[in-house]
Amino acid sequence: PLIERTATIRMAVGYFALGFLIVFGAFYTWNSFRGPMPSVINEIPMAILYSTGRIVLALAISFAWILPLVYFTWNRPRLRNWLTTVAQLGASLPATALFPLIVLVGVRKLGGGMDMATLILLTFGIQWYVLFNAIGGVATIPSDLIDATRSFGLSKFETFKRLVFPSIRPALVTGAITAW
């Protein structure tokens, strides 16, 4: 009985402390938002939209050069292995390590200012995720499906459109989500 009563008292004190913290936190939060807001708070939604647009553009640029590369290497395993090695070397260098060079190129040579430098930096960081997943997706295409599409006499583009791209689509989505 004494142990049960002590446990009940400790539990009641714990619930009281938790309730006090919740009420105090709610009051403090409400009180801090009650006053005038800084003017910069109105810029937050547009900044979020602008930042999201840059990420979408960097993803689009990555897809624009990776899909033709995958199209070129999908049925060339030796070239695909070499590309994987080169991509691993490129991915081992963090994008932020190149930031001074990217700023020089993006600001001075391309004339896009810091927005261009940011886009280049984002693209450099994003492209590896998309590339690795695309190469991995191509490597998992069963050889019997490749033989079946060859037996239909489809052109290389038709084979890519009907077999390769649908086969790597899940890998591309995974790469895009990981890159995001």
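Q: In which helix does Thr159 lie?

A: A helix here is a DSSP run of H or I with at least four residues, a strand is a run of E with at least two, and both are numbered from the N terminus. In this structure Thr159 lies in helix α7. The model is a predicted one, in which local features need pLDDT of at least 70 and side-chain atom pairs count only at pLDDT 80 or more, while totals for chains, interfaces and linings use all residues. Residues are numbered from 1 along each chain as its sequence is written, and side-chain values use heavy atoms, with hydrogens and water left out.

Q: Is Thr159 buried or exposed?

A: Buried means under 20% relative accessible area, exposed means over 50%, and partly exposed lies in between, with a 1.4 Å probe and protein chains only. Thr159 counts as buried because its relative accessibility is 6%.

Q: Which residues is Thr159 in contact with, leaving aside its neighbours within four places in sequence?

A: Contact means heavy atoms within 4.5 Å. By that rule Thr159 is in contact with Trp74, Thr149, Leu154 and Val164, once the neighbours within four places in sequence are left aside.

Q: What does Val138 touch, not counting residues up to four places away in sequence?

A: Val138 lies in helix α5, and it counts as buried because its relative accessibility is 5%. Not counting residues up to four places away in sequence, Val138 touches Val70, Trp74, Arg80, Val164 and Ile168. The C-alpha atoms of Val138 and Val70 are separated by 7.7 Å, although these residues are 68 residues apart along the chain.

Q: Which residues of α2 are buried?

A: An α-helix has 3.6 residues a turn, so residues three or four places apart point the same way. In α2 the buried residues are Ile55, Ala58, Leu59, Ser62, Ile66, Val70 and Thr73. What covers them includes α3 (77-92), α5 (113-139) and α7 (156-179).

Q: How many Å should the 30 residues of helix α2 span?

A: The expected span of a helix is 1.5 Å times one less than its number of residues. For helix α2 (residues 44-73) this should be 44 Å, and its end C-alpha atoms are 43 Å apart, which agrees.

Q: Where do Val13 and Trp82 lie, and are they buried or exposed?

A: Val13 lies in helix α1 (residues 2-34) and counts as exposed because its relative accessibility is 52%. The place of Trp82 is in helix α3, and Trp82 is exposed, with a relative accessible area of 54%. From C-alpha to C-alpha, Trp82 and Ser167 are 21 Å apart in space and 85 residues apart in sequence, whereas Val13 and Trp180 are separated by 45 Å and lie 167 residues apart along the chain.

Q: How many helices and strands are there in the protein chain?

A: The protein chain has seven helices and zero strands, and its pattern along the sequence reads α-α-α-α-α-α-α.

Q: What radius of gyration does the protein chain have?

A: The radius of gyration is taken over C-alpha atoms, and the globule rule is 2.2 Å times the number of residues to the power 0.38. For a compact globule of 180 residues the value would be near 16 Å, but the protein chain has 27 Å. Along the principal axes, its C-alpha atoms fill a box of roughly 80 × 55 × 30 Å. Of the 180 residues of the protein chain, 23% count as buried.
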